[in-house]
Amino acid sequence: MSGFRTLLYKEVLRFWKVGFQTVAAPMLTSLLYLMIFAHVLESRVEINDLPYTAFLVPGLIMMSVLQNAFANSSSSLIQAKVTGSIIFVLLPPISYGEFFLAYVGAAMLRGAMVGLGVLAVTTGFAPLQFAAPPWILAFALIGGGIMGSLGMIAGIWADKFDQLAAFQNFLILPLTMLSGVFFSIHSLSPFWQRASHLNPVFYLIDGFRYGFFGVSDVSPFVSLAVSSVFLLAVGAGTLTLLRKGYKLRY
Amino acid sequence: MSIAVSVRQITKRFGNVQALDGICLEIGEGEFFGLLGPNGAGKTTLISCLAGLVRSDSGEIRVMGFDVQGNYRQARRQLGVVPQELVFDPFFTVRETLRIQSGYFGLRRNDDWIDEILENLGLAPKAETNMRRLSGGMKRRVLVAQALVHKPPVIVLDEPTAGVDVELRQGLWQFIQRLNDEGHTVILTTHYLEEAEALCGRIAMLKQGRVVALDSTRDLLERFSAYQLGLRVDAADRLPEAVMRRVLPGEGYLNFQLGGLDEVEPLLAAIRESGCPIKDMRLTTTDLEDVFVEIMRGQDIEKAVRTR
């Protein structure tokens with residue numbers, strides 16, 4: 001497992017060296033979201049008997065976790081592919097399982113660091129409860145794993161930066177933005193409520209929020225089951241690509 | 001001599017292009033082996049198959065006895081590859097790059113050897129410099145260093161001196177030669193044929209995905225050996241018809257192709273007898289470039305192919 005350990009270390013060092021961009025910047029983005037939405041909606045909206053800001057903060061944290069986990073593995077792979085430095089991890093005796101675990105592990109770590117950062121900078125804005133911390137941890141890890149894995153698929157599939165950007169802008173961003181970060185899906189029309197139930201990110205956000213307030217749109221057990229199945233499916237898909245050497249070994 | 005690398009009936013097709021077409025080779029342990037051929041001949045594809053970067057359509061490659069696909073972990077431990085492209089990871093310093101590369105091979109405390117490589121490749125003063133800030137030649141040295149961190153028994157160098165200044169080229173070859181002397185098998189592709197001639201004990205020439213020549217460098221040179229005698233004479237019009245018929249086309253010197261040195265004296269005697277004074281004379285021998293050109297023209301493929 002030494003290949004895994006070094007690859008994980010390399011991936012963490014990679015984002016840490018540009019931490020201003022990879023950790024601090026998304027914290028600032030989340031803070032801006034919070035300030036703007038709180039300013040506009042705080043006195044007008046209450047969701048599930050919670051002040052709007054309190055409702056929003058867990059969603060923002062989870063969105064940061066997800067987006068940064070995706071960004072980490074996808075950008076690392078596409079950069080390495082475009083510059084050719086991917087060869088340095090393809091030549092050594094690293095198994096595809098180690099490869100997968102290292103990239104997803106680093107993505108989860110970056111997601112967790114940004115998530116903790118967002119929690120820290122938003123803490124003064126809303127009274128958060130920590131009703132069921134294990135749920136918070138579970139959904140953060142599963143969400144980071146799913147997005148780290150999806151990021152690997154995107155990074156492996158894309159040949160150019162604009163293809164990766166399309167994956168990010170037309171798939172990941174809508175899935176996260178329309179997952180109930182900013183609103184409860186009960187406020188939607190029945191059609192969009194049903195549509196939201198098809199979005200796996202909805203379950204991640206909803207389950208994560210349950211960990212803070214003990215209330216959610218669907219049962220956290222359902223969310224956990226759906227998220228776990230999705231993680232297994234995405235993970236299996238990524239491992240299959242790696243095993244076959246898709247767009248990595250010709 | 002035991003076999004370091006065996007390549008059996010390797011084929012690889014990319015779309016309509018048959019990049020490798022039944023390559024067979026055996027490279028012995030401790031050899032300094034040259035892989036030559038024009039662009040597109042399949043050299044880099046073959047090396048990529050060896051390194052596991054490209055999966056062959058059929059055939060088998062073994063490195064130190066390990067199948068590069070079936071037993072890839074062991075096979076890759078035996079190999080150090082210096083890629084042709086000048087690639088680097090811009091996030092790290094030279095030392096970080098080498099430590100990380102060591103870690104991939106399971107070597108966690110490798111600083112003594114890393115320091116030795118840095119010293120030998122003239123990289124020691126740049127050890128803490130970020131890769132982005134290195135010149136092209138320095139980046140090339142780091143690529144060589146990365147290939148050597150795990151002391152692989154087989155070292156593959158794909159055009160390692162392309163775009164490298166003379167001083168580095170010489171230093172690099174001294175170091176690689178030393179590793180070869182210590183028992184490492186070295187496989188080299190290069191466009192500098194004089195390098196191959198000076199360094200490689202045996203050479204395979206590839207053309208359109210096939211091996212068109214495979215022999216020791218000395219035998220290749222001998223097989224195509226020929227001398228060219230160039231003369232400058234006064235009053236060339238006095239030369240006898242028999243001599244003039246042998247003059248090769250060209251300007252300046254009158255050039256004669258000779259099969260061996262024993263043909264020199266009869267030719268000179270014939271010229272002297274005609275009363276034609278010789279003003280200048282030069283004798284050149286075949287070099288690897290001539291052999292290469294000859295083989296790539298395809299005029300002598302049947303003669304050149306010799307499987308061992």
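In chain B, strand S12 and strand S13 (residues 254-258) run antiparallel and are joined by two bridges, where strands are DSSP runs of E of at least two residues, helices are DSSP runs of H or I of at least four, and both are numbered from the N terminus; two strands are taken to pair if DSSP finds at least two bridges between them. Within this pairing, Val247(B) stands opposite Phe256(B) of S13(B). The two strands belong to an open sheet of four strands in chain B, ordered S12-S13-S11-S14 with antiparallel pairing. Helix H10 (residues 264-273) of chain B lies across strand S11 (227-233), S13 and S14 of chain B and runs at about 20° to S11(B); here axes are lines fitted to C-alpha atoms, for helices over the stretch in contact, and angles run from 0 to 180 degrees between N-to-C directions.

The model is predicted, with local features requiring pLDDT of at least 70 and side-chain atom pairs counting only at pLDDT 80 or more, whereas totals for chains, interfaces and linings use all residues. Residues are numbered from 1 along each chain as its sequence is written, and chains are lettered from A and ligands numbered from 1 in the order in which they are written.

Chain B is divided into domain 1 (3-221) and domain 2 (226-285), with bounds that come from an automatic or database domain assignment, and the C-alpha centres of these two domains of chain B lie 45 Å apart. Chain B also holds an open sheet of six strands, in the order S6-S7-S8-S3-S9-S10 and with mixed pairing. Its edges are formed by strand S6 (79-82) and strand S10 (210-216) of chain B, each of which has a single partner strand, so one side of each is left without a neighbour in the sheet. On average, neighbouring strands of this sheet are turned by 15° against each other, direction ignored. Strand S3 (residues 32-36) and strand S8 (residues 185-189) of chain B pair in the parallel sense over four bridges, and Gly34(B) has Leu188(B) as its bridge partner in S8(B). Helix H5 (residues 136-148) of chain B packs on the sheet, where it touches S6 and strand S7 (154-158) of chain B, and its direction makes about 170° with that of S6(B).

The secondary structure of chain A comprises ten helices and two strands. Buried residues account for 48% of its 250 residues. The contact between the chains takes 22 residues from chain A and 24 residues from chain B, two residues being in contact if their C-beta atoms, placed from the backbone, lie within 7 Å.

Key:
A residue is buried if 20 or more other C-beta atoms lie within 10 Å of its own, exposed if 12 or fewer, and partly exposed in between; C-beta atoms are placed from the backbone.
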